[in-house]
Amino acid sequence: MNINRPCGTFDRNYFQAKELYRTPLRKTLLALFIIAMYVIPFVVGEYGISILTPICAFTIGMLGLQIITGYAGQISIGHAAFMGIGMYTVAILQKYFGFSFWLALPFSGLVAMAVGIIFGIPALRMKGLYLAFATLAAHFVIVYVISNWRSVTNGTDGMYMSRPGVLFGIDFTDDRNYYFLALTVTAIMTYLATNLARTKLGRALVAVRDNDIAAELMGINVGTTKVLAFGIGCFFAGVSGAIGGAYYEYVNVEWFGLDDSIWYLGFLVVGGFGSIFGAIAGAVVWKVMDELSTLVTPLTEALLGGAAFYASAAFSLLFYSLIIITFLVFEPRGISHRWEMIKRSYRLHPFPY
Amino acid sequence: MRDITKKREQRYSYGLALLRECIEKKRLWTNNEDEKKAVLRVENIDLSFGDLRALNNVSVDVRGHEILAIIGPNGAGKTSLLNVISGFYRAQRGDIYFNEEKITRFSSHKIAERGICRTFQNIALYSGLTVTDNIIAGRHPHINYNFLTGMIYFPWANREEAYQRAIAEDIIDFLELEHVRGSVVGMLAYGLRKRVELGRALALEPRILLLDEPMAGMNVDEKEDMARFIIDINEFLKIPIVLIEHDMGVVMDIADRIFVLDFGNPIAEGSPEEIKQNQKVISAYLGTG
């Protein structure tokens, strides 16, 4: 019945039962993957790094949305705005208080967390689509405040922020070194999210998602759990914003429009709800699609002639929509579910089930 | 680890040993003289939904470690009574005392933490989790670390997880769920899901167990299994069990006391023999056959 693990691996005690990577092969593969991620910038060069760093940032944000929507089941259509809060927190702290990036990074998460908790409070009374609209309001309130509080946020002109300087002899103004920083933060956040999902709070989140009435009657404080989910998810969003914003050393309120918030949800569907792997896959697919759509534009010039210039803006939208619809029709549980199926059929190989 | 293993060895001779140990640490009543004492007192409960009177001046005691069956025709207010006890409905009038503590206005999760655990008429499991995780999720209030510790996964969080898993395995062994422990509950058969739900209620370290139709829709074998589990829980954990059931054969066999409701009104209370003879109960529910 339970075929979630390779053949021939048994748990001899309850500590082994909690392990994520049981066989030496999987441990080696994980180590190789991490090493590969650190080696890859030496291979792909400047262009590759310019794709990989945003992927890292969006992965963190996607993990946050996975916690809110995938695990706790609370739809949030305002996630990009919380990312924006992270960006602006770093920019404001650097400009007015002279914070270094290192000090501003945790603050970006904490401020986003505080705002997230405030906007998560409606979740105590609302469910499903109604809550989705409450979070939609959060998006508009945040964007409105940022674009109109000109004296602090510089309005729609955006703000400049600086990357961390030299630390331990590593110069983070260099793109490659900054990628290493982003990757390390991503790895840490992934570790935190993975452990969250498999411990006490993670089970409580899934309990609230699957059956909130039963959860309340089974000793789980549903209100606190929902608000905590929003808080932690927005913490991730804030950190992701700080990492992403500092990469461009500039932040503008137009970078996190409503469409970004919705694409966040859309690509979470592509990646798959309720798994850490799904969040990462969603972020990777999103940014790769982004790059593909810009690559395709010159090719269409032959087909469309001068109109290609006007069509180019629509390409990314077209691509995004197509891929999300494809997944909704053919694999509504996302890449992560498909990946599990592949693993399962590989492990069972000669037999169909 | 050796500690846990040792406890596991003991289990084979005792049954639910780990869980019983957990409960006994917190038990308020200690000796057999107290068995007649009311653990849960429901006093003069009135509950209405608009003009509909669901419960009308209902008072009932649950004592020591007895099995109390609540019976009555459909819509008599049996489930409403359980919902009032577990804090899901708020009664308009009346009080509920649990171990002399007034719990009428407590929120549901606090009542559950006190040890009033229940199952549901329509299965209400966490369908996305596995059987083991469902049972460990039931232990939520008794897990001793906060979410930050869990996120960073300190060694003591790992030890705590292993300990909780040991207790969950204790329950899984007791309820004979070993073969499905890794399956997602959404895929399980109905009878098994009912059993998982009982397991989740057990994981909460119950000091009183409220079972809402645990045998509905089961065949004779499954009913016998469930009856055996209920009696065993009653014996091993020495806790009272409140049982709503429509199968009169089972009720008359396993219940120590029966409480009869009809359209929100309590009409009788007593031992199975008394209830069988009671003219009011016969006309309202049992019928003359």
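User: What percentage of the residues of chain A count as buried?
Analyst: This is a predicted model, so the figure is computed from predicted positions. A residue is buried if 20 or more other C-beta atoms lie within 10 Å of its own. Of the 353 residues of chain A, the share that counts as buried is 45%.

User: What is the radius of gyration of chain A?
Analyst: Start from the length, 353 residues.

User: Is Tyr248(A) buried, exposed or partly exposed?
Analyst: Tyr248(A) is found in helix α9, residues 222-248 of chain A. Buried takes 20 or more other C-beta atoms within 10 Å, and exposed takes 12 or fewer. Tyr248(A) has 17, so Tyr248(A) is partly exposed.

User: How far apart are the C-alpha atoms of Tyr248(A) and Ser50(A)?
Analyst: Along the chain, the two residues are 198 residues apart.

User: Which helix supplies the largest share of the side of chain A that touches chain B?
Analyst: On this side, 31 residues of chain A are in contact with 41 residues of chain B. Helices α6 (175-198), α7 (200-210) and α8 (212-217) of chain A each supply at least two residues of that side. The largest share is 8 residues, and it comes from α7(A).

User: How many nonpolar residues does that side of chain A have?
Analyst: Sort the side of chain A that touches chain B by class. There are 6 charged and 9 polar residues. The nonpolar residues number 16.

Note on methods: Residues are numbered from 1 along each chain as its sequence is written. Chains are lettered from A and ligands numbered from 1 in the order in which they are written. This is a predicted model: local features need pLDDT of at least 70, side-chain atom pairs count only at pLDDT 80 or more; totals for chains, interfaces and linings use all residues. Two residues are in contact if their C-beta atoms, placed from the backbone, lie within 7 Å. Helices (H or I, at least four residues) and strands (E, at least two) are DSSP runs, numbered from the N terminus. Ala, Val, Leu, Ile, Met, Phe, Trp, Tyr, Cys and Pro count as nonpolar, Asp, Glu, Lys and Arg as charged, and the others, Gly among them, as polar. The radius of gyration is taken over C-alpha atoms; the globule rule is 2.2 Å times the number of residues to the power 0.38.
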